[in-house]
Amino acid sequence: MTVLVLLNASAGTIQRADYDVEAFVRSGLQARGLEAEVRMAGGSQIAEMAHSFVWAKSPGDKPRTLVIGGGDGTLGCAASAVTGTDVVLGVLPLGTLNHFARDLGLSNDLGAAMDTITADHVKQIDVAEVNGRVFLNNSSIGIYPFLVAERTAEQKRLGVGKLAALGPALIRTLKVSSWKRVRISIGNERSQKTLCVFVGNNFYDLRELGHRGSLTSGELCAYVVKAQSWLGLALLPFKAALGLIDPVRDVELFRVQSLEVKARRRHLRIAMDGETVEAIPPLHYRIRPRSLHVLAPP
């Protein structure tokens, strides 16, 4: 089996570690009987390296595994290269929050994650995409991407974690007017304006801190924020973090295979797996059932 391990040098766990993570992973896999090439790389390099690995030929057509050490954004970049191919994706949860690893059934313990990789239990799961760009967890449009961008800026400015940066970021977000309402279309008939749309790969239970019980249900989960006062809008991120969002008063839920988001703008900022990117509307979301091979606990 051909195995390449790419570790994101800027991942939260690696940045905070008081030991050599690269050496620990290399020796840990060897001790478990797996010979792997382990590389440390910058976050911006991993997508390119993942694509190169996918398109490279394997001697004797041996099974190939690409293991990514990083957070949700890093894993999403790698998944874009791997989805729809026979390459298997392994996960070392080295990010700050590791939502995808949690929903896959992995703990944040690096040794346990290496046990899962060497056990070689392959599962096929769904991914979602927007205008051809793959994401593993969720994507948001409207006010939320601006909140994510401001939170990242506050983290760098104050030197604090994501939760501590949320309050100052929310204040700055509500002060600006560069985000606008968007129009979401479900099917051929339903169309409405909203300040925020959350699109999940499979169903998210907002009462359980955004937990997904399945990664193979073959559906998108779209939460559309209902009309809110400014106070209600300001409280939504905190209610989401605490699992207190009212599924009747605060949002409207749609479980679909595809949807479209329109906006009267040339470019639209969207959030994908905790990162923000620019996209050209209209945005076409769709589910891709069981199109990604991953190593998961039995």
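## Salt bridges

D103 and R102 are joined through their side chains by a salt bridge, with an N to O distance of 3.2 Å. The term covers a side-chain nitrogen of Lys or Arg within 4 Å of a carboxyl oxygen of Asp or Glu. By this rule the structure holds 10 salt bridges. The structure is a predicted model, in which local features need pLDDT of at least 70 and side-chain atom pairs count only at pLDDT 80 or more, while totals for chains, interfaces and linings use all residues. Residues are numbered from 1 along each chain as its sequence is written, and side-chain values use heavy atoms, with hydrogens and water left out.

D103 takes part in a salt bridge with R212 as well, at 2.8 Å from N to O. This pair links distant parts of the chain, 109 residues apart: R212 sits in the loop between strand 10 (196–201) and strand 11 (220–225), and D103 sits in helix 5 (residues 99–104). Helices (H or I, at least four residues) and strands (E, at least two) are DSSP runs, numbered from the N terminus. D103 counts as buried because its relative accessibility is 11%, and R212 is buried with a relative accessible area of 1%. R102, at 34% relative accessibility, counts as partly exposed. Here buried means under 20% relative accessible area, exposed means over 50%, and partly exposed lies in between (1.4 Å probe, protein chains only).

Another salt bridge pairs E278 with R269, whose closest N and O atoms are 3.6 Å apart. Both residues are partly exposed: E278 has 46% relative accessibility, and R269 has a relative accessible area of 28%. Salt bridges with shared partners join R102, D103 and R212 into one network.

F100 is buried, since its relative accessible area is 0%.

N98 belongs to the loop between strand 4 (88–93) and helix 5. Although N98 is not a glycine, its phi is positive, at about 55 degrees. N98 is buried, with a relative accessible area of 5%.

N202 is not a glycine, yet its phi is positive, at about 80 degrees. With a relative accessible area of 0%, N202 is buried.

The peptide bond from P281 to P282 is cis, and its omega is near 5 degrees. P282 is part of the loop between strand 15 (275–279) and strand 16 (283–295).

## Helix 4

Helix 4 spans residues 72–82 and is mostly covered, with nine of its 11 residues buried. The buried residues are D72, G73, T74, L75, G76, A78, A79, A81 and V82. Just after helix 4, G84 has a positive phi of about 85 degrees.

## Packing of helix 2 and helix 6

Two packed helices are described by the angle between their axes and the distance between the axes. For helix 2 (residues 21–31) and helix 6 (residues 110–119), the angle is about 40 degrees and the axes are 10 Å apart. Axes are lines fitted to C-alpha atoms, for helices over the stretch in contact, and angles run from 0 to 180 degrees between N-to-C directions.

Helix 2 and helix 6 are therefore oblique to each other. In this scheme, angles under 35 degrees count as roughly parallel, over 145 as roughly antiparallel, 65 to 115 as roughly perpendicular, and the rest as oblique. The crossing of helix 2 past helix 6 is right-handed; a crossing is right-handed if the near helix is turned clockwise from the far one by less than a right angle, and left-handed if anticlockwise.

## A nonpolar surface patch

L231, L235 and F238 make a nonpolar surface patch of about 280 Å². Patches consist of residues with over 30% relative accessible area and no salt bridge, with like charges joined within 9 Å and nonpolar side chains (Val, Leu, Ile, Met, Phe, Trp, Tyr) within 5 Å. Accessible areas come from the Shrake-Rupley method with a 1.4 Å probe, and for residues only the protein chains shown count as cover.

L235 is located in helix 9 (residues 230–241). L235 is partly exposed, at a relative accessible area of 42%. An α-helix has 3.6 residues a turn, so residues three or four places apart point the same way.
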